[in-house]
Amino acid sequence: MNKRVLSSSYLGVESFLIEVEVDISNGLPNFSIIGLGDTAISESKDRIKTALKNSGFKLEPKKIIVNLSPAGIRKEGSHFDLPIAIGIMLVMGFIKDRYNTIDNYLFLGELSLNGDVKRIRGALNSVIFAKENGYKGVVLPLENFQEATLIKGINIVPVENLNDVVNFISKNIVKSVQTKIIEKNDENLMDFLDVKGQSMAKRALEIAAAGKHNIILIGSPGSGKSMLCKRITTILPPLNEKEIIESTKIYSIAGELTESKPIISSPPFRSPHHTSTPVSIVGGGKKVIPGEISLASGGVLFLDELAEFPRSVLESLRQPLEDGIVSISRAQYRVEFKSNFIFVAATNPCPCGYALEPTGKCICTQTEINKYIKKISGPIMDRIDLHVEMRRLNENELLTYQSGDSSKIIRERVIKARAIQKERFGDDIYNGMMSQKDIQKYCTLSDENREYFKKVIQTLQISARGYDKILKVARTIADLAGSNDIEKEHLMEAVSFRENSIN
Ligand SMILES: [Zn+2]
């Protein structure tokens, strides 16, 4: 006898249908799975047999053949435990498909030896796929329930074990689960107020947040640069529904969702260490999972101690910084992940760290400093709009300097400036991403300001690329000020973020 159960799998963020066919006949007792193309097959077989036995379903000694199609597509092994087990139970008569569930639902889940259904990766993708393709619903692990409920208008049936599945298919009983109210994870008890002084760096981060500009803080140890960078998410606008789904999808595939964080509801902040492997940062690996640069999508990628990162990692950021996408190639296929983040970097100005402090403190030779700077200037600096230099505050400054605005107040300004950009470009485009054409259209200057700008460019010997960046930043500064036109003061401020020792 033969039965077919539906499931789905994914490659990158693309999902597709997988048909699980189970055929059971009177032959030499055997259990084989074809079409998985993975070493996970034998593990999967053992899990399914043991899970069925431990759930009270005694398998007759028969010849069981499971076929997963289409055959050519790469599939995750553990994903199909549940549909395979259901196929076997249907053919052996442990389940009766009284409500025509089998043709209308997708089934996903890994089994544990005692018959529990365990969390899988990419559940959200499958639910979106099921909805788009007109299926009635998805049966999936209870642990994936919260992420799945982000998608409305499709039945989500959470199951904890094989008996829950039997109850649903044979008796139409669905376990009732409370949808958790997901609080905006304001684990962020941090605030810009925590950092004294450094008004220029704070302002630069505000501009970066408002226009999605990439930014680098170059400063002495103890100047507060990492502390400030870590607070940038406190001034970013909250994610909208579409962005929440986008981010949660990537986290789901990466296996980064947890019971306490089943949904990504606020802008991600990722800060991989410089000793992280290139694969963990860029993505890839045997199963091709998204890396830090994709997990940061919709939020911030922060590289602290930028110069300590291997050159190869910095090089690999070039394409994502340019296109907002990373593509990972394999022999038979290519996977693309979004990697659309604000890039925030911090670095010392020299190996000892004190090149920006009053004379005498830095012990590096000019050659050492040049070598240090050269390492980061090549691949990355081209994509960074805002440069800020920071030095340590002395005791007197620490006592007298004000803290400036709170994150809440800054965030309100950022939200307003973002709204202006939405009017200008529509969704998902911000000043930091403007093309040459956009710059010509939206960054026009009055005759007087154009003359002034020309002079500045000549004096500071700014390149054509630097010229564009200043205009983009000036546009955001004008938006923050609620000004239609880019005025001289906006230009001057924008220029101040390029007058540095590193260019
Ligand atoms: Zn030094």
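Strand β5 (residues 105-107) pairs with β8 in the parallel sense, over 3 bridges. Before we start: this is a predicted model, where local features need pLDDT of at least 70, side-chain atom pairs count only at pLDDT 80 or more, and totals for chains, interfaces and linings use all residues. Residues are numbered from 1 along each chain as its sequence is written, and side-chain values use heavy atoms, with hydrogens and water left out.

**Exercise 1.** Work out which residues V138 of β8 bridges to.

*Solution.* Start with the terms: strands are DSSP runs of E, at least two residues, numbered from the N terminus, and two strands pair if DSSP finds at least two bridges between them. Now turn to β9 (residues 155-159), which runs parallel to β8 with 5 bridges joining them. There, V138 is partnered with I156. Finally, check the cover: 5 of the 5 residues in β8 (residues 137-141) are buried (under 20% relative accessible area, 1.4 Å probe, protein chains only).

**Exercise 2.** Find the protein donors of the zinc ion and describe the site's geometry.

*Solution.* Donors are N, O and S atoms within 2.8 Å of the metal (3.2 Å for Na, K and Ca). Here they're the SG atoms of C350, C352, C362 and C364, 2.2 to 2.4 Å from the zinc ion. Then take the angles: 105 to 113° among the 4 donor atoms makes the site tetrahedral (four donors, all angles between 85 and 135 degrees). Last, read the spacing in sequence: C-x1-C-x9-C-x1-C.

Technical notes:
Buried < 20%, exposed > 50% of the residue type's maximum accessible area, 1.4 Å probe, protein only. Helix = DSSP H or I, 4+ residues; strand = E, 2+ residues; numbered from the N terminus. Tetrahedral: all angles 85-135°; square planar, octahedral: opposite > 155°, others 65-115°.
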